[in-house]
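Hello,

Here is the structure I promised to pass on to you. Please have a look at it first, and then read my notes below.

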Amino acid sequence: MHRTGDLYGQFETLEQQKETASLGMWVFLVTEVLFFGGMFLTYTINRSAFSTAFGIGSNTLDITLGAGNTVVLIMSSLTMAMAVWSAQVGKKKLVSIFLIATLGLGTVFLGVKGVEYKQKFDHHLIPGHGFDMKYHPTHPMPGDDPKELALEKKEVEEALAHDPDINFHGQLYFSLYFGMTGLHALHMIIGAGLLIWLIKGSFAGRFTPQYNTPVEVVGLYWHFVDIVWIYLFPLLYLIDRHR
Amino acid sequence: MQSQLPIYPEQASNFAPQVDALMVFITAICVFFALAITAAIVIFFFKFHRKKPDDVGVAFEGDSRLEAAWMIVPLILAMAMFGWGAVVYVDYRHAPQDTLDVYVIGKQWMWKAQQPNGLKEINELHVPVNRNIRLILASEDVIHDFFVPAFRVKMDVVPGHYNTMWFRPTKPGRYHFFCSQYCGTNHAIMGGWVTVMEPSDYAAWLSGSSGVSANPVLAGEKLFAEKTCITCHVGDGTGRAPSLNGVYGAPVLLADGSTVTADESYIRESILLPNAKIVAGYQPLMPTFQGQLTEEQILALTAYIKSLQSQPVPAKGSGIAPPTGKK
Amino acid sequence: MTHEDYLNATYGIRSWLLTTDHKRIALLWLGSVTFFFFIGGILATMIRIHLLTPTGALVSPETYNKLFTMHGVAMIFFFLIPSIPAVLGNFLIPLMIGAKDLAFPKINLLSWYIYIVGGIFVLYSFGTGGLDTGWTFYTPLSSVYSNSAVTPAVIGIFINGFSSILTGLNFIVTIHTMRAPGMTWFRLPLFAWAHYATSLVMILGTPVVAITLLLAGLERMFHLGFFNPALGGDPILFQHLFWFYSHPAVYIMILPAMGVISEIIPTFARKPIFGYSFIAGSSIAIAVIGFVVWAHHMFVTGESTYAALTFSFLSYLVAIPSAVKVFNWTSTLYKGSISWDAPMLYALGFIGLFTIGGLTGLFLACLGLDIHIHDTYFVVAHFHYIMVGGAVMGYVGGIHFWWPKITGRLYPEALSRAAAVTLFVGFNLTFFPQFILGYLGMPRRYHTYPPEFQVLNVLSTAGASILALGYLLPMAYLTWSMRYGKVAGPNPWPATGLEWTTDSPPPTENFHVTPEVTWEPYDFQDRPDLGLAAGSPSPAPAHGDD
């Protein structure tokens, strides 16, 4: 189908094109809800079955980094919404600025996630060979607070008494942790790619009050990815934290 | 082994006539509707065959009353099928109290059954006629299913779960049983025979054969000592753990105030995940025996604990919930 | 005289492999689903030959288990689920609603490529050791014990799921936003309604099975314990997650076929379909209720009695909308002007076989009966009646009905009628004996069986040879007709849909002028352009429900 200006060949009007793109993104997001939903369900069922191991798992996550990341992501949704608004009112320069800000904040999020993943690796918390929930308290790293460590050691030992299969169940927790946050991070990377594409378009002045559908539609996607994190954060980091 | 009319198996259990009657009922309804639709189609096909190439049909847009009728009538019939089927199923899922219990273990690709007196069988199951039989099913590896067509019953055997099924054989004879949940290479040859015997023959068979296999109660008693359960679960209630006298089948009071009935599943869970449910007034001290006991050993311990039903319950040091109401 | 149409507009393999024209994409799909149908069919042939004797001398037990597994995977995921939507839906939906293409043409092409990639993974699995877990992949057999190529197969099916999701997404958005002026929701052809309902199921169900298979695959690769009881997992959780998609999946497979029948019957009876809004509504009802019946596959797993009662009850409810369709189709024939052309024969064959298949579902939904017939050949017969007697007959009938539109040619009429009858007869001979086998107690997925079951097995295999002929005949004459068939003209039947108002084959942009719709669907009265008799007036003012 040939394209004339902004209008793709299969459409009759720009209005129809915009409506279609929007609806398409909404329908896609519904499928994403079901996609993540399957894993959320599995996590919830396993959590109630193995609350001890999952509680310990939650405790090994760095709540400062997690909370910080949550703020970063919420701010990025704000900048994304601002980008959409800027396009709608015709402030082309602002569109680029806000898109770049969003991309920047998203990159910060991914960077922090990388730091967290490295921590897990250092603490032998990657599922598979070498996984050991008892590792960290018995092998402190520089910068670890000795009081925290002692507390962690005690917790792990108590948990072992409760649940000798703690390493099996702990692996379940971390498999789901990496699965869910990994899938989320993958979606963020794809989002970053989409943002780069939008930024290029904004530099070329493509987005006007008459035609800003790509910005709006990517905005919807970005907000969705943000919302997934807002569910992930309490589920993974916060529940049973002070057991 | 086959019935006269080769379209249904022999009826050899209490459920067989019920299931067959259901089958006839549903078949009759379905045949009626299938014939009605077929007749209508065939008649219309011939009667309204196009006469001239330009002909069109007579337009009827629809008829709400007809639509309502052919929604409501099938719905009523469907509810009848549902209801009758539900009654049979609920009966099937609730074994009566007075069952003769046989433990059945499925593994790739064979069946092991253990009679109440400890006698073991492989790919065979001997049961007395006209007794309620309950099978307690466990799997050592993948999901299997124990299916006896002549009895019209089956139940999945799921690793990590206990499933139970019951039936009352009504006719002596030998009946095929099959594994009917695909379980790998030799799924199709993982079957055997159920032999239904007159009670006297069954008794004779039970005591006559080998007698070498240990009574599970005795085996369980031995294990109870060997695995040091006896150190804490002292019979007179003076140990660190509750006495197990009389506990089987009784309500147990838990630390969180709730009560649970001490059935096979509870006993198994207490052995494998001891801190899942803590008895009121006791500490969570019991270690788990996951990985240290085979399924058969757990069954033996269960049988032993069941046998303690008749032992005197100590006034202090039992986990049994006090009766509510009158003393 | 050749005019420019979508087939000859551009030449060269790149113009086909990189096309965004929904009609060309439909033909890409036609080729690939036919390929997988052949694979599934060859596997089925081997199964039936092996089962001629009780001891099964054709293949080893391991191989037999791979045959039925791969037959299921190939047929369900790579033939049945895409077939009608991806071939006929893709080709027809824009034409039926008066649009130039689907909403997202490039995503449409992407969907086909994703399917191909998924197919390659699965073929790789078939070729390197095969797959022997059953298409249902129950754990822990699939995630721990099986020694076959489970991982690539699971990856392939996972990838293929996205193809389904994208197709469903495309259809939903297209039907919402791309209808021509005057094409209101209740003027849509029922084929479109059927695909809308199907697409809802596709987009909501497929993501769940994707995640489930992903988790099972990860469990297998990294020895995790989601579904493996030895590591604290629960095999029943797998079954719930798996069937949450796989039950609605059967509605993905049958709803489009029902849509085809809803087009053929009014066309070849030359009158409006009886109860249009009830048929439309029943498609949506099936899609919705179909999501809450999944655990009727689990009545004997030890699930709670309350759960079993609930799912049995709901399973009976889901039967009602299907019954409504059968009654409405049959009523449409009353006082019609009925042609005996092949599409009508296929449609009537569908009604017969689908009715039997659907009615036997009532047996399985019955808790008391299911404890006997679950996992026996009764189930195998039931679902083949619906999937093959229903969905495949609908697919073949649809191919015949729209063949003139797609290719511009007619196929030889007498041969096509013979093929329809052959299919119907061969099908019944193959699968009816299996109901009896099942009630007698022959379990499914058995490479060997007790000798008393042999007669019925032999009957079934004999029928299968006739069934095969019923499939081979159309493949032969349809192919022949592409070159030598009579030229069809825009509307040979004639039929009332928008797709028939444009050329056969259509031009790339579908319509030279955007249509404006002013008539109700299946209206043969107010359509002088069809060149038919004026038709007798309705007996009374039509009290319809539109």
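**What I found**

Please keep in mind that this is a predicted model. For chain A as a whole the mean pLDDT is 88, and 98% of its residues reach 70 or more.

Next, the place where chains A and C meet. Here 28 residues of chain A are in contact with 32 residues of chain C. On the chain A side, the elements that give two or more residues are α1 (14-49) and α7 (166-203) of chain A. Of the elements on that side, α1(A) gives the most, with 15 residues. Sorted by class, the side of chain A that touches chain C has 13 nonpolar, 12 polar and 3 charged residues.

Then there is chain B, which has 7 helices and 12 strands. How does its radius of gyration compare with that of a compact globule of 327 residues? Such a globule would have a value near 20 Å, whereas chain B has 27 Å. The C-alpha trace of chain B spans about 100 × 50 × 40 Å along its principal axes. Of the 327 residues in chain B, 37% are buried. Finally, take the contacts in chain B with a separation of 6 or more: residues 24 or more positions apart account for 68% of them.

Enjoy exploring it!

Best wishes

Methods. Residues numbered from 1 in each chain as written. Chains lettered and ligands numbered in written order. Predicted model: local features only at pLDDT ≥ 70, side-chain atom pairs only at ≥ 80, totals over all residues. Contact = placed C-beta atoms within 7 Å. Helix = DSSP H or I, 4+ residues; strand = E, 2+ residues; numbered from the N terminus. Nonpolar A, V, L, I, M, F, W, Y, C, P; charged D, E, K, R; others polar. pLDDT = per-residue confidence, 0-100. Rg over C-alpha atoms; globule rule 2.2 N^0.38 Å. Buried ≥ 20, exposed ≤ 12 C-beta atoms within 10 Å, placed from the backbone.
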